[in-house]
Amino acid sequence: MNHLNQVVYDKHCHLSESEEMDTREDENGQVQTDIGETDERYLNGDITENSVTNQEEAMEDEDEARSSATLRFVVPNFSRLKETALSPPTYIRNLPWKIMVMPRTTHGQDRQPTRSLGFFLQCNGESDSSTWSCNAIADLKLISQKEGVENFSRKIQHLFYSKENDWGFSHFMTWSDVLDPEKGFIKDDTVILEVSVSADAPHGVSWDSKKHTGYVGLKNQGATWETLDSFMQHDVQELCRVLLDNMESKMKGTCVEGTIPRLFEGKMTSFLRCKHVNYTSSRKEPFYDIQLNVKGKKNIIESFKDYCATETLDGENKYDAGEYGLQEAEKGIFFSSLPPVLHLHLLRFQYDPLTDQNIKINDRFEFPEKLNLEEFLKSEEETDPPVYTLHAVLVHSGDNHGGHYVVFINPKGDGKWCKFDDDVVSRCSKQEAVDHNFGGNEDDITVKHCTNAYMLVYIRDSAIADVLQPVTEQDIPDQLVERLSEERRQETLRRKERNEAHLYMTVQIVTSDSFCGHQGTDLFDPDKINYRCFKVKKMSTLRDFMELVAEQMKYPLEMIRPWPLIYRTNQTCRPVAVDLEVDSNKSIIDIADSTSPWTIFLETVEPDSGLPCIQEFDKESDVLLFFKLYDPKNKRMSYCGHTYMSINSRARSLVPILNDRAGFPEDTELLLFEEVKPNVVERIENIDLPLEKVLDELMDGDIIVFQRADINFADCELPTAKEYFR
């Protein structure tokens, strides 16, 4: 709950102490629009018989995107007001705003009930969205209906959002004062309430900057500076200079070379003049910006006078004039030329030796819309008067530790201002763009605290027509047109993808290469593997998908076979067979059992195998097995490929295959293990039995781990694969 100290009232009204300003709390949780027993309707204006029709016609004529408006609520039968009443909506910044009025009863220190008028402003009250926000200032008024009595008003400034969509005063005025005819605020049991609202463009709702202003903003990409120096004054100048320097560099050798200095470069002359001997010196220097002191200065003219002030060198500070010795002298600067576009940096961030840190100076510092710098220019070459029009005001809200930045721009130099707040652009008044950014607003509730200009851009009147001339299609380079066209095409594709995302699914492919180097259980680590991803339509067939994969991965279709990877009940992830003949015309989403992303192992013919196509696989009689070689000395696993085996073949038949894969002699004795589940490996004791007898629940994707049996590894820390996985 906030408190408002500044109260405006007429000579007949008194407030003994500051009253509360907060979001309203309805006493019974109900919102009603009926007052007493009346059937009359309430409008932002007078009550009429055809109120609904008149309101609809008026709404068609007004600009719903406007930045400010006045709401008016006529409340008859006021003395019988029992519940909360809402005015019809008035649209500002495309949001509905309403006046909310209600009787409020509180108990004072003497425990006696006090009845007051609750008066609030509501914004977007019926919205279900939780992401919107809109900052506004408002003047809440109880309108006088008696000659000689002034309106009673109180001001608010608030960021309206879903949880605080109304703001105002629980005790705007005592109920008895409102009902007292002598006070002048009620007549024929009717009171009139008005709220003047000025709102920023909203965030989190649909706001078409191009439609409302003709301009677009830039989305905030976040801070790009590495330290808190980003909030120091020199970074503003540095960014501006770096930008201009880079643009000037890019323009070299083109038809626009020299544009940057022609627009932004002025010249100043530093001079030194001895008082008693004929000795002078001067140096002319170019500048792209001027830094002006704010501390102790009322306005720009005072700062320019300080900038160009002449300093006397005397006493111990005399100037060494060479052959003339130490001399009393004067030194200073003057402007020998001023540019078409003038950048002024206001030094609002300065070092404070008392606190040993940079502080922000929020003092009031005025700047005009028209700036005449004739008294500071000494030039025989320039004939046009140095009269400038304010084009842009860059504003910082906050302190040296952070804040928010916006810019107000007068795009055509005609006094019609726009506010650029990240990607939201809106129309605004001259007062909001200029007057509210002088600084020194700590006591004004309608202006954000610590909000003030830190950079100004002026355009010379004689150059406005040239600098702000309309941009035609012929002015835009072909490369930029092509780039923008490509960006629009990409955005169209992305929008189409978003709209059609529900029609697609992701398929992740792993190959044998992904298994090499894996040291854990299963064939790979899903958190570390790099998948080859495909976005495919859910209803596309398996045949269509395989043709796409073959094309993208540069394999003939007959040399690849998909094996979907599934998680078994024993927490392992292994491949399962797909019947290509039966399932080729089934949809991907059905085969994947609605799983997205769907992960498959893509089996391929080895390049050096010489095979023209992938080996036939019989789901009924064959099984897919994978092999790993364990090296006890190095405690390391090596992937040794896979093969198809008949389920009736004996485990011993694997030995020559494994010796060949490992590069061992054909008759090398081996120890065979089955990788059953995470951290569980069982030795295959009798290798003369069929695979279906020696492997636990023989299935496709089973993993055989083997190691040499003809070498004694008893001295090794982990002598067998069983200890390795334990």
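A search of the whole structure turns up one cavity of 30 Å³ or more; here a cavity is a set of points on a 1 Å grid over the protein atoms alone where a 1.4 Å probe fits but cannot get out. The structure also holds 30 salt bridges, each being a side-chain nitrogen of Lys or Arg within 4 Å of a carboxyl oxygen of Asp or Glu. This is a predicted model, in which local features need pLDDT of at least 70 and side-chain atom pairs count only at pLDDT 80 or more, while totals for chains, interfaces and linings use all residues. Residues are numbered from 1 along each chain as its sequence is written, and side-chain values use heavy atoms, with hydrogens and water left out.

**The cavity**

- The largest cavity has a volume of about 50 Å³, a volume being the space filled by probe spheres set on the grid points.
- Its lining (residues with an atom within 4 Å of a point) consists of Phe515, His518, Asp522, Leu523, Lys628, Met637, Ser638 and Tyr639.
- These divide into four nonpolar, two polar and two charged residues; Ala, Val, Leu, Ile, Met, Phe, Trp, Tyr, Cys and Pro count as nonpolar, Asp, Glu, Lys and Arg as charged, and the others, Gly among them, as polar.
- Strand β34 (residues 636-646) gives the most to this lining, with three residues; strands are DSSP runs of E with at least two residues, and helices are runs of H or I with at least four.
- Domain 3 (496-614) and domain 4 (615-725) each supply at least three lining residues, with bounds from an automatic or database domain assignment.

- Aspartate 522, one of the cavity-lining residues, forms a salt bridge with arginine 574, the closest N and O atoms being 2.8 Å apart.
- The partners are 52 residues apart, with arginine 574 in strand β31 (residues 573-575) and aspartate 522 in the loop between β28 (504-510) and β29 (532-537).
- Arginine 574 is buried at 1% relative accessibility, and aspartate 522 is buried at 10% (buried is under 20%, exposed over 50%, partly exposed in between, with a 1.4 Å probe and protein chains only).

- Glutamate 311 and lysine 331 meet through their side chains at 3.9 Å, N to O.
- Because glutamate 311 lies in strand β15 (residues 311-313) and lysine 331 in strand β18 (residues 329-337), this pair ties together parts that are 20 residues apart in sequence.
- Glutamate 311 is partly exposed at 38% relative accessibility, as is lysine 331 at 36%.
- Lysine 722 and glutamate 682 form a salt bridge at 3.7 Å, N to O.

Notes:
1 Å grid on protein atoms, 1.4 Å probe; cavity = no way out; pocket = protein on both sides within 12 Å on 5 of 7 lines; lining within 4 Å.
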